[in-house]
Amino acid sequence: MQTFLEKTTFTELNLRGNRPIVLFGAGNIATKTLRKIDSSRVAFIVDNSRNLQGTQFANFDILEPEKIQEGSLIIICSTAIADISSQLDSLGYSANKDYVISPVLNDLLAIDELERLEQTLYFTSGTVPNGAFGGGLYQLDIKGEQLEIKRIYAGPCYGLIKMKEEILFIDTDKGIMSYDPDTQEFSHKAKTPVGSRAHGISFNSDNKRFYVTCSYLDAVIEYDRNFIELRRFHLSKKTEYYKEPMHHCNDNCAIGNSLFVTMFSSTGNWKIDSFDGCIAEFDLETGERKTDIKQGLYMPHNILSIEGSLHVLDSLPGHLRVQNFSVQGTFPAFTRGLGYSNGLYFIGQSKNRNFSKVQGLSNNISIDCGIIVWHPERKVSRFIPISMRIGEVHSIIAA
């Protein structure tokens with residue numbers, strides 16, 4: 001597993017015992033660092049520039065890195081954080097123990113982390129399969145600047161969840177499918193009703209049941225562990241009256257005794273351009289639809305519980321909403337597909353086919369397709385491009 005450098009403070013560095021300090025990098029950052037640390041502990045400065053080696057900087061000798069002695073505390077004072085970290089690793093030093101970053105460079109840590117990221121993601125696309133592209137289940141391997149994207153299953157795919165030994169996903173034509181990353185084998189778990197257009201899927205760890213959102217039924221189906229249908233949660237009676245779906249429900253999240261469902265219209269009027277999107281709540285004991293826990297959304301999708309907090313993507317305006325559903329981040333394309341791992345969010349970006357509806361809300365409406373890796377604390381991101389021939393991202397999980 002990768003080890004990333006942590007933020008430092010000058011107070012913390014000055015409290016790190018009596019270890020001799022070596023600054024790595026001669027320049028302005030070293031000058032600013034020397035002003036804030038106990039300079040009497042600095043033994044010398046090292047730099048990779050042969051032109052500087054053998055000279056002095058701020059009255060300290062500049063030596064080659066190989067002159068660093070065991071037991072020293074090395075402070076990186078250069079923006080080449082990744083290269084110097086790799087160099088120090090090869091010399092046998094440990095990040096955050098033997099070498100740290102100068103607090104002057106704290107803002108660059110998030111950039112370094114995103115640039116060196118190693119992560120495997122799986123994502124679904126619901127478009128029509130077309131050659132090696134289009135709808136299906138995809139595996140995306142990120143290794144720093146190297147990206148490998150491959151479709152491992154073809155079909156119109158939507159919801160996606162990770163269980164212990166397998167990945168479950170929705171093929172809206174075939175039903176609920178399973179993929180084992182170890183054996184790379186697929187299996188068919190269960191059919192979904194004909195004409196239901198199954199979309200989102202979740203698993204409730206409290207009652208050990210699965211929940212599948214069916215857009216064309218305006219309902220969520222509850223299954224047991226063996227995928228035997230138990231009951232259905234209907235959004236309203238409008239579907240029965242009009243004989244067609246009226247709410248456009250997408251994804252769901254089941255926690256404890258509650259089932260949360262995202263939909264385009266709480267009242268069932270999106271077809272007459274009343275996009276009163278919401279997160280509806282059902283009581284799992286009684287089956288009753290309760291008061292919406294969030295209204296005023298615009299084409300919402302993926303709802304997840306991450307570290308005990310409900311997250312939702314307000315897709316058309318591109319908002320990630322969390323912490324009482326306040327906007328925590330805004331992204332330029334149609335924002336659908338949400339994953340999380342080790343403090344980073346993975347947020348899908350699909351071609352925005354409804355951009356005229358966002359005009360006035362955004363001054364930059366993207367038609368790109370890809371995944372944004374977003375650092376929520378530092379508010380920085382990295383864009384991972386995906387072929388326009390894939391076009392859409394529906395769900396994301398981090399392996």
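Biologist: What joins strand 16 to strand 17, and in which sense do they run?

Modeller: This is a predicted model, so take every value as computed. Five bridges join strand 16 (residues 219-223) to strand 17 (residues 229-234), and the two run antiparallel.

Biologist: What makes strand 16 and strand 17 a pair?

Modeller: Pairing needs at least two bridges. Strand 16 and strand 17 have five. Therefore they count as paired. They form a hairpin, with five residues between them. In the turn, Phe227 has a positive phi of about 60 degrees.

Biologist: How do you know that strand 3 and strand 4 pair?

Modeller: They share two bridges, in the antiparallel sense. The cut-off is at least two, so the pair qualifies. Gln56 has Asp61 in strand 4 as its bridge partner.

Biologist: Where do these two strands sit in their sheet, and what is its order?

Modeller: The sheet is open, with six strands in the order 3-4-2-1-5-6. Its pairing is mixed.

Biologist: Why are strand 3 and strand 6 called edges?

Modeller: Strand 3 (56-57) and strand 6 each have a single partner strand, so one side of each lacks a neighbour in the sheet. Helix 2 packs on this sheet. Helix 2 touches strand 1, strand 2, strand 3, strand 4 and strand 5. Its direction makes about 155 degrees with that of strand 1.

Biologist: Which order and pairing does the sheet of four strands have?

Modeller: That open sheet runs 10-11-12-13, with antiparallel pairing. Strand 10 (157-162) and strand 13 (185-190) are the edges, because each has a single partner strand. From one strand to the next, the twist averages 25 degrees. Strand 12 (residues 175-180) is joined to strand 13 by five bridges. Ile176 stands opposite Ala190 in strand 13.

Biologist: Why is Phe60 called buried?

Modeller: Its relative accessible area is 17%. Buried means under 20%, so Phe60 qualifies. Phe60 lies in strand 4 (residues 60-63). Beyond its neighbours within four places in sequence, Phe60 is in contact with Leu34, Ser39, Val42, Ala43, Ile45 and Thr55.

Biologist: How far is Phe60 from Gly159, in sequence and in space?

Modeller: They are 99 residues apart in sequence. In space they are 60 Å apart, C-alpha to C-alpha.

Biologist: Which residues touch the most other members of the largest nonpolar core?

Modeller: Leu5, Leu23, Ile75, Leu88 and Tyr99, out of 33 residues. Among the elements that give two or more residues to this core are helix 1 (10-14), helix 2 (28-36) and helix 3 (81-90). Strand 4 is also one of them. Leu88 touches Phe24, Ile68, Ile74, Ile76, Tyr93 and Tyr99, leaving out residues up to four places away in sequence. Apart from this core lies another, of 18 residues, including Tyr138, Ile142, Ile396 and Ala398.

Biologist: Which residues of helix 4 are buried, and what do they pack against?

Modeller: In helix 4 (residues 108-115), Leu109, Ala110, Asp112, Glu113 and Leu114 are buried. The buried residues pack against helix 3, strand 6, strand 27 (344-350), strand 28 (370-375) and strand 29 (380-385).

Biologist: What makes the link from the side chain of Ser266 to that of Arg289 a polar contact?

Modeller: The distance is 3.1 Å. The cut-off is within 3.5 Å, so that distance falls inside it. Ser266 lies in the loop between strand 19 (258-263) and strand 20 (277-283). Its relative accessible area of 13% makes Ser266 buried. Ser266 also touches His247, Asp276, Cys278, Asp292 and Gln295, among others.

Biologist: Are Cys278 and Cys369 buried or exposed?

Modeller: Buried, since Cys278 has 0% relative accessibility and Cys369 a relative accessible area of 2%.

Technical notes. Residues numbered from 1 in each chain as written. Predicted model: local features only at pLDDT ≥ 70, side-chain atom pairs only at ≥ 80, totals over all residues. Heavy atoms only, no water. Buried < 20%, exposed > 50% of the residue type's maximum accessible area, 1.4 Å probe, protein only. Contact = heavy atoms within 4.5 Å. Core = buried A, V, L, I, M, F, W, Y, C linked by side-chain atoms within 4.5 Å. Axes fitted to C-alpha atoms, helices over the stretch in contact; angles between N-to-C directions. Polar contact = N/O pair within 3.5 Å; in protein donor to acceptor, adjacent residues only side chain to side chain.
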